[in-house]
Amino acid sequence: MQNGPRETPIVSAQGVGKQVSTAAGSLEILREVDFRVASGESVAIVGVSGSGKSTLLGLLAGLDLPTAGRIELAGECLNDLDEDGRARLRAAQAGFVFQSFQLLPGLTALENVMLPLELAGVPEAASRAAQLLERVGLETRLEHYPRQLSGGEQQRVAIARAFAMTPAVLFADEPTGNLDAATGARIISLLFELNAERGTTLILVTHDPDLARRCQRTIRLEAGRVVSDEH
Amino acid sequence: MNTRLAHLRLALRLLLRDWRAGELHILFAALVIAVTATTAIGFFTDRLQRGMVSQSAGLLGGDLLLRGARAPDAQWLEEAGRRGLDHSRVLEFPSVVLRGDDLQLSAIRAVTDGYPLRGELRVAERPYGEDRVVNSIPPTGEVWVEARLLPLLNMEVGQSLELGSVRLRVAGVLAFEPGPGGGFFALAPRVLMNQADLARAGVLQPGSRVAYQDFFAGETAALAGYRDWLEPRLDPGQSLVDVRGGQPTVGGALERAEQYLGLASLVAVLLAGVAIAMGARRYAERHFDVSAMLRCLGAAQRDILALFLPQLLVLALLGSVLGILLGYLAQGGLLYLLRELLPGKLPAPGPLSVLLGLLTGLIVLAGFALPPVLRLRQVPALRVLRRDLTPMPLSGWLVYGTAIGAMAVLMWRYTGSAALTLGLIGGTLAALVLLALPAWLLLRTSRLLRPGLGATWRQGFQHLWRQPLLSVSQILAFGLTFMAMALIALVRGDLLDDWQQQLPAETPNHFVVNVLPEQLEGFQAFLRARDIEDSGLYPLVRGRLAAIEGEDPASRVAEGEETPGAINRELNLTWSRQLPSGNRLTEGHWWPADTEGEAVVSMETGLAQRLGVGLGDELRFSFGADSLRVTVTSLRSLRWDSFQPNFFMIFPPGLLDDQPTTYMTSFYLPETRKGELAVLMREFPAVTVIDLDRILNQVRIILHQVTLAVEFVLVFVLLAGFAVLYAALQASLDARLHEGALLRTLGASRRQLRAGHVAEFGLLGLLAGLLAALGTELVARLLYARVFDLAYGAQWWLWWSLPLGGALLVGVAGVWATRRVVRQSPLVVLRGL
C-alpha cells in the first residue's frame, strides 16, 4: 500500500468511517479509510456493489458527513462546516457527473449548464455556458430539453455543467454506467481531455476496468475498507 | 369466511402502516374538510327547518290560519264555532313605540285569551336569559317584547313604554312566539300586547294598515270540512295557511344566505374532491409494487380489491365522523354569526344530518378516490421484474364521470331538482372553462419574465410553466375563492354607503302614514311650526286590483315570470289633481285640473308593462264589498328611490271619497332633530313614523351578519384550496426532493432553494390574486349596473391587495408544504432515491 504524493493534497481522508443505523441495528459501510489525492491527479475508486464506493464519493464531496475521521477538501475541513457551508465549498471547488446524468428536465441544455454559474452569481453565465457546450460538441443543441437529447448527449451536457465553475475537483459516479460501449468511450475521452486542459483533479467511481486503467491511480474497496491503492 | 377475515386484518394493518408513513394524511384531511363543510351547513339548515317546519303546528300557532287585511265575516266565525273549532284572533300592525326621546318602529301583535291555540309562548325575565313556558297572554297594561327592542329604546325589563296613548309595562322578554313571521315588518322587533289595551291606545283607525290573523284548531275532520266550506268564500285579499301548506319563512335574507352557504360548501366539496383524487392517485401509484407482488404470489384481482376497498371504507368512516364533529362545532359558529336573524331557540339537529354527513364522506371518497384505487387491481404481476410496467391509464370518462356523478348527487340534495342540478353543473363547467382562459393567459404572460430571471427564480417558476393544466386549475381555485371573498367584502362595505351617497342631500328619511283626515290640518301646522318641509300629503285608500279587462290579473303574468307583488296584496291608492313631482307621463294625458269623479286612472308604466295593460283598458278595483271600474288614460314613470310617496295607481279627485282614507307624506329630519319625533308621536298617536335611517341600519346589520356567515363558509373553501395545493405538492414531492438535492449538490444554499419556492408559490398566489381582481371588478360592475342600479367606481385597492394578499397567503402555505425539500440531504442524488 502506498500513500499519495507529499505536496498539499486537494482531497484527504483520515481514518474515515461511516455507520448508519437500520432497523436491524447499526451497519458499518466504511471503516478507517485513509488517503490523499494531489492536485491534478486522476483517481478511480473501484470495488464490487455494496463495497461503499458511492458512499465514499459522497463523503469526499461533502454531500454527507462521516461518523468517524476527518475529510478535507481544498484545504477546508468538511467536518467543521454546516450543510450550507459545504454547499458553498461545493459550488466553488467541486463538479459532478452522475451515472443517470441528473439534468433538470424543465431546463434547456444551456440553462442546465448555466445553473451552477447562476447559483454562484457569476456574470455572463449564458456566454460561458454556450462556450462549454461548444467545447463538448453541442453548439447546435443549446435550446434543446434533456428529453430531446440522446443519453450520450445528455452526459455531455452534464460534463459541460461539471466544468462550468472550473472546479478544483471533479467527482464522477459511474459516468459511463448508462451508456453503450462506443458512446461510453467517447464520453471518457472527453472527460480526460477536459481534465488535462483545465488541470482538474478527477475522482471517479466505476465498474469499468478500461475507465479505471486510464486513471493514474486506482483505490480498491472491499467491505468498506481500502484493500489496495496503486499508481 | 376465514380468508375474508384475514384480508380484512391485512387491510387494516396496511392502512395503519400507510397512515404512519403519512401516505394518507392529505386524503384524510381533504375528506374531513369536505364533510365538515357540508355537515356544518347541513346541521344549520336542518335545525332551522326543524325549528320552522317539523313542529309547524306549534309554530303556526294553530292548525289553520286565515290571513287578510280585513276582519273576516262574522258568519265565518260562527260556522267555525258550529263545527267545534277553537278560534283566536291576532291583530298585527306596524306602530312606533316610545320611551322618552327614543322611538322605534315595531311589529305590534295584539292577542286575545287562548292564544296560541297550538305551540307555546316562552318568556324570559331578562334579555337572552333562561326562558319558561307561559300559559297566558300579557295581562292588560303589560307587554312582552323581543330582546332587541330594549337597547333600541334604552330601557330594561320592568320599565314602561308608550304605544299611542297608553303606557305599557314591559313585563318580560319574548323568547319564542309561534306564528307566521315574514314580510317587511319582520325587520321590526315584535311587541306582544293584550287586545284589551288596543282601544285605549288609539293607534288603529279606519284605513290603518292591519293584518288580521284568525287561528283555528280542532279535530282533523272538522278542520278539513271547515276548510272546504271556507275556501270558496274567501276574497282575493284573504288566504288560508295550514301546517303543511305555508311554512313561515324567516325572511328573504336568511333564505338566500342558506342558498349561498349551501353552494359555497359544495365548492369546498369540489375542491376537496380534487385533492382527494390527487391523493388517491399517488396512493395507488405507491401501491403498484405491493399489488404486483401480491399478484405474483397468486392473489386474484378480487383479492386485491378485498384488500384495498375496506381501507377506503374505514378511511371514509373515520373522516366522516371527524368531519361531522367539526361540522357540528362550525354550525355553532354559524348560528352565532346569524343570531339576530334567527328565531329564538332552535331544536337540536336530527340524526338525519349525521347520516347525511356519513353519506357525503362515502360519496365524495367513492366519486374521487375509487377510480385510481380500482387501477390497483390491474397491476400486472410481471411488474416485479419490470418496474416500468404500470396498469392501463384510466379512461377520462370514468374519472370525470364518477366525480361529476358524485357532485351531482350532493348538489341534488341541496337543490332537490334534477333540472336545477343539471343547470348548475353545466353552468359551473362553463364558468370554469370561461375563467380558465384568463388564468391560462396570465400564466402564459408570466413566461415573458423568463429571460430576466436568475436561476433560483426561474427554477421556481418553471414548476408552474411545466404543468400548465395543474397550474391553471390551482390559479382558478384560489382565484375564485379570493374573488368570492372580495365581492362579499365589497358588497358589505360599500354598497349601502355608495347608495346613500348617491342620494341627493336632504332626501326624505322619514315616511309618515296613518294621518287621519281630521288631524290633517293639525299635522301640517305641526310640521310648519318646526320648519319641516314635507313632500306633500297624499290621501291613501286601500284597495285591490281585481280585474284587467274582465280577467284575473294573475292570469296576465307571462309564463315563468314572477307575479308582481302589487296584485297579491292591497294597494295604496291615491288621488291627485296634478301630476305629482318626480312622476313623468310616458303615454296618454293627465286629466284637466277641474276633473271630479271621472272613472279614469293613471298607472305606473313598469307594472302596466308586466301586466300587459295599455291605454283604454278597463281595470276593476275592489274595496271589501265595493268595487270600482275605471279606464286607464295615462301611464307614468317614477323614481322609487326618490323617497317621495310613490303610487302604482293615481285617480282623479272625487272618485274614492266613500272609502276610509288616511294621509301619508315623507320629510327630511337630520339626526340631531330626531328627538322631535317623540313630540310628534305623543301629539298624533295614531300616526306611524317609519324611520328609514333606522331601517337602513338594520339592513346593514343583517347584511353584515349574512356576509360574515358566507365568509365563514368560504374559509372552508380556502382550506380545501390549500388541500389541493398540498396534494399537488405531494404528487410532485419525489421529483422536487430530487431536484432540490441536485441543486444542493451543485452548490445551492438553502436560502436559494427557499427563494425558488417563494418564487413559485408567490407567483401562483399573485396570478390567482390578479384573476380574482379581474373577476371581482367585472362581476361588481355588472352587479352595480344591473342589479343595484348604482354607479360603480373602479376599486383600485383590489388590484394591489388581492395579488399581494394572494402571493403572501399561497406563498407561505407553499413554502411550508415544501420545507422537506429544503432540508433534504443532497446525498439522495447519488443514491438515486
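Colleague: What relative accessibility does Glu231(B) have, and how does the residue count on that basis?

Modeller: The model is predicted, so local features need pLDDT of at least 70 and side-chain atom pairs count only at pLDDT 80 or more, while totals for chains, interfaces and linings use all residues. Residues are numbered from 1 along each chain as its sequence is written, chains are lettered from A and ligands numbered from 1 in the order in which they are written, and side-chain values use heavy atoms, with hydrogens and water left out.

Glu231(B) has 38% relative accessibility and counts as partly exposed. The scale calls a residue buried under 20% relative accessible area, exposed over 50% and partly exposed in between, with a 1.4 Å probe and protein chains only. The side chain of Glu231(B) meets that of Arg227(B) in a salt bridge, N to O 3.2 Å. That term needs a side-chain nitrogen of Lys or Arg within 4 Å of a carboxyl oxygen of Asp or Glu. Salt bridges with shared partners also build one network from Arg135(A), Glu193(A), Glu197(A) and Arg198(A).

Now the other pairs. Over all chains, the rule gives 27 salt bridges. One of them joins Arg31(A) to Glu28(A), with the closest N and O atoms 3.1 Å apart. Arg31(A) is partly exposed at 32% relative accessible area. Helices (H or I, at least four residues) and strands (E, at least two) are DSSP runs, numbered from the N terminus. Arg109(B) is buried, at 1% relative accessibility.

Next, the interface. Chain A puts 25 residues in contact with 27 residues of chain B; contact means heavy atoms within 4.5 Å. The buried area between the two chains is about 2,500 Å², and carbon and sulfur atoms give 60% of it. Leu63(A), Gln102(A) and Leu119(A) supply 25% of what chain A buries against chain B, more than any other three residues. Buried area is the accessible area (1.4 Å probe) that two parts lose on being put together, summed over both.

The rule finds 2 salt bridges across the interface of chain A and chain B. Asp84(A) forms one with Arg744(B), its closest N and O atoms 3.0 Å apart.

Three helices of chain A, α1 (53–60), α2 (83–93) and α3 (109–119), each give at least two residues to the side that touches chain B. The largest share, 6 residues, is from α3(A). That side of chain A divides into 13 nonpolar, 4 polar and 8 charged residues. Ala, Val, Leu, Ile, Met, Phe, Trp, Tyr, Cys and Pro count as nonpolar, Asp, Glu, Lys and Arg as charged, and the others, Gly among them, as polar.

α1(A) has 7 of its 8 residues buried, so the rest of the structure largely encloses this helix. Lys53(A) and Thr55(A) are among the buried ones. After α1(A) comes Gly62(A), with a positive phi near 80°.

Two polar residues of chain A are buried as well. Gln154(A) lies in helix α5 (residues 151–163) and has 16% relative accessibility, which makes it buried. A polar atom of the Gln154(A) side chain lies 3.3 Å from the backbone oxygen of Leu149(A). Ser12(A), in strand β1 (residues 9–22), is buried at 3%. The side chains of Ser12(A) and Gln14(A) make a polar contact of 3.4 Å.

Last, the cores. The largest nonpolar core has 70 residues, and Leu261(B) and Ile276(B) are among those with the most contacts inside it. A second, separate core of 62 residues includes Phe523(B) and Val601(B). A nonpolar core is a set of buried Ala, Val, Leu, Ile, Met, Phe, Trp, Tyr and Cys residues joined through side-chain atoms within 4.5 Å.

How values were computed
Polar contact = N/O pair within 3.5 Å; in protein donor to acceptor, adjacent residues only side chain to side chain.
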